[in-house]
Amino acid sequence: MKRLKTTRRQFIKTAALATAALTAPPFISRSHAAGKLTVALWDHWVPASNDVQKKLMMDWAAKNKVELSVDFVTSQGNSNTLMAVAESRAKEGHDVFMLPQQYPSILRDSLEPLDDIAAEMQKAYGKYSLAAEYACKIKGVWRAVPAPTGSHSYPMVSRLDLFQKHCGVDLQKVFPTDVKLRDKKLVDAWNYDNFLVYAEKLHKAGVPFGNPIGQTSDTNSWLGPLFKAFGSELVDASGKITVNSDGTRAALEYMKKLTPFMPPEIYSWDDAGNNLHIISGRGACIQNPPSAWAAAKKTQPANAAQMWHHDTPKGPNGRYRGTLMYNLGVWNFSKNKPAAKDLVRYINQKEQVFQILTASDGYDMPQIASFLTHDAWVKAGPPPGGQYNYPIRGDEIPWMGGMPAPSGVGGQIYAQSTFGNLTARYTAGKMSMNEAIKWAENELDGFLREA
């Protein structure tokens, strides 16, 4: 299994340019599903998922007499998006490519329509999530469909023992393993005002809250929802630039108060930074899918046994949780589009998705509600029930960095990490709030001109 990289410089130059029945339709071996096929998949944080996904695809290939090559491309250093942009411009490369977030919009002119597959999936299993539709359905055309791996959300991941010891908060009582047992008063008290108090206490105890503030996907996936919780949208659904708002100013002011209670290295962290922070025992809380927990089970099992996944804090405008999508697209320059589409259709059927979910210990978050019946999140442990609240159980609203801007603009907000750059400019003292907002307005105006 190969893991591939390209360069960040190339990306910087090019990205700126660029209840229906629950029984799956049987896979039908078609006479045209033959020849050669190459697939580029995201290199999963939980390696066992790679193994299962590759085996399923190879089994499909053997059955359908396809010579299949599967490459796993890391997201470290944006290598996967660098490669996707390079292939779309060169008009050659893999046949199927797993694209994150709004890259189906950014690269839409190079992607084959997949309306037929989206229709089949929704007829069989139910509608895709709004986040999936936002990411994949571009101007009425499905340019990709959600992948069985990679899509995930960003709950809080908190150390039970450290929150109890330093903050006096019993997170198992606030977010129990049965949503019917939740106490509304306790859940409502889990808000950003109180979280700031907890962050200060954890910082003083030497185990601070930590998340990246930089040009990373994790940055978009926690700051975008945080800004929305304070009522901020950088660009509204009509395409109007709305970053200069009371909500944005409130979010920036909150971050100015929060960042002193976070590790100073957060501005240089990549997407692994917060994982390492909590796995090592140096941090009490991050926002992340269960990848940090899965790694800690192997290297720091005592720490893993204290990790509780649960809801994000509530802001003045509601409670929002980050969602990161991974989507399967077929290049329109593929030399074997029929086989490529057959493979995408096959790997997204429920039987295959459930096998992958088991392998990843529930890391992957399906974008069809009927798939959330899988018991991975109930069984995963230790601690028992530690992932029960990984699927949204309460009042959280899933949100992608860049929403609700028109998809092309939202894609650039994500790709250029506007939330991270805006926040860093103000909280690190590089610009005043007015200067930072003015900078963002100029950036967003450029995105609108390019969209």
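The buried ones are Ala339, Ala340, Lys341, Asp342, Leu343, Val344, Arg345, Tyr346 and Ile347.

A quick word on what you're looking at: this is a predicted model, where local features need pLDDT of at least 70, side-chain atom pairs count only at pLDDT 80 or more, and totals for chains, interfaces and linings use all residues. Residues are numbered from 1 along each chain as its sequence is written, and side-chain values use heavy atoms, with hydrogens and water left out. Helices (H or I, at least four residues) and strands (E, at least two) are DSSP runs numbered from the N terminus.

## Gln101, tucked into a loop

Look for Gln101 in the loop between strand E4 (96–100) and helix H4 (103–106). Is Gln101 buried or exposed? Its relative accessibility is 0%, so Gln101 counts as buried.

What does Gln101 touch, leaving aside its neighbours within four places in sequence? Gln101 is in contact (heavy atoms within 4.5 Å) with Ala135, Thr323, Leu324, Met325, Asn327, Met400 and Tyr414. As for Met325, its backbone nitrogen lies 2.5 Å from a polar atom of the Gln101 side chain.

## H10 with H12

Now for a helix pair. Helix H10 (residues 192–204) packs against helix H12 (residues 246–258) at an angle of about 20°, and their axes are 10 Å apart. Axes here are lines fitted to C-alpha atoms, for helices over the stretch in contact, and angles run from 0 to 180 degrees between N-to-C directions. That makes H10 roughly parallel to H12, a label for angles under 35 degrees.

On the H10 side, Tyr192, Phe195, Leu196 and Ala199 make the contact, and H12 brings Tyr254, Lys257 and Leu258. Sorted by type, the residues of this contact of H10 with H12 are six nonpolar, no polar and one charged.

## H19 with H21

The other pair is helix H19 (residues 407–415) and helix H21 (residues 433–450), which pack at an angle of about 135° with their axes 9 Å apart.

Val409, Gln412 and Ile413 of H19 meet Leu444, Phe447, Leu448 and Glu450 of H21.

Note on methods: Buried < 20%, exposed > 50% of the residue type's maximum accessible area, 1.4 Å probe, protein only. Polar contact = N/O pair within 3.5 Å; in protein donor to acceptor, adjacent residues only side chain to side chain. Parallel < 35°, antiparallel > 145°, perpendicular 65-115°, else oblique. Nonpolar A, V, L, I, M, F, W, Y, C, P; charged D, E, K, R; others polar.
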